[in-house]
Amino acid sequence: MAEAGQSKAFAPKEPPKLNPPKDTPLSLSHLAKCDGNTPSYPTYVTIKGTVFDVSGNTAYAPGGAYHIFAGKDPSRALALSSLKAEDCRSDWEDLADKEKQVLNDWFTFFSKRYNIVGQVRS
């Protein structure tokens, strides 16, 4: 989570009312259904195994600028600031410290805007 010095960093202008984080286990197959293409499922983006509900943001909906991240754990892509499909994967541990910090910043950004609805479990 965010360190003390980051408490105000990445904060939205209008902080949303967020629910307490959930630790519900979610499978990769369930996550894949949460890609914005199925109306009966929410839209989720996962970062470092933590699942965020981004359903209200059209950027993650089909045709949106970040739809490529929906229904996946694009941790590597976020760390690399990439929108390439091949970078949308969960492995990030081998990246340089600078890229790991970028990923941590994205985690902080998401945690201040979107509800945490679970954790990916294999």
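Let me begin with a definition: the expected span of a helix is 1.5 Å times one less than its number of residues. Helices here are DSSP runs of H or I with at least four residues, strands are runs of E with at least two, and both are numbered from the N terminus. With that in hand, meet helix H3: its 15 residues reach 21 Å from first C-alpha to last, close to the 21 Å expected at 1.5 Å a residue.

A quick word on what you are looking at. This is a predicted model, where local features need pLDDT of at least 70 and side-chain atom pairs count only at pLDDT 80 or more, while totals for chains, interfaces and linings use all residues. Residues are numbered from 1 along each chain as its sequence is written, and side-chain values use heavy atoms, leaving out hydrogens and water.

Back to H3, then. Which of its residues are buried? They are Leu103, Phe107, Thr108, Phe110 and Ser111, where buried means under 20% relative accessible area, exposed means over 50%, and partly exposed is in between, with a 1.4 Å probe and protein chains only. These residues cover an arc of only 165° around the axis, which puts them on the same side of H3; the arc is that of the directions from the helix axis to the C-beta atoms. In general, an α-helix has 3.6 residues a turn, so residues three or four places apart point the same way. The buried residues of H3 pack against strand E2, strand E3 and helix H2.

That brings us to the inside. A nonpolar core is a set of buried Ala, Val, Leu, Ile, Met, Phe, Trp, Tyr and Cys residues joined through side-chain atoms within 4.5 Å. The largest one has 18 residues, and those with the most contacts inside it are Ile47, Phe52, Val54, Tyr60, Phe69 and Phe110. Strand E2 (44–47), helix H2 (75–80) and H3 are the elements that give this core two or more residues. Apart from it lies another core, of 6 residues, including Leu26 and Val117.

Let's zoom in on Phe110. Leaving aside neighbours within four places in sequence, Phe110 is in contact (heavy atoms within 4.5 Å) with Val45, Ile47, Phe52, Val54 and Tyr60.

Now for some charged residues. A salt bridge is a side-chain nitrogen of Lys or Arg within 4 Å of a carboxyl oxygen of Asp or Glu, and the count comes to 4. Where does Arg76 sit, and where Asp91? Arg76 lies in helix H2 and Asp91 in the loop between H2 and H3, so their pair ties together parts that are 15 residues apart in sequence. The N to O distance in that bridge is 3.4 Å. Arg76 also forms a salt bridge with Asp94, at 2.8 Å between the closest N and O atoms. Arg76 counts as buried at 10% relative accessibility, whereas Asp94 is exposed at 58%. Arg89 meets Asp91 too, at 2.7 Å from N to O, and Arg76, Arg89, Asp91 and Asp94 are linked in a network of salt bridges.

One last stop, just past H3. Arg113 is in the loop between helix H3 (97–111) and strand E4 (115–120), and Arg113 is partly exposed, with a relative accessible area of 22%.
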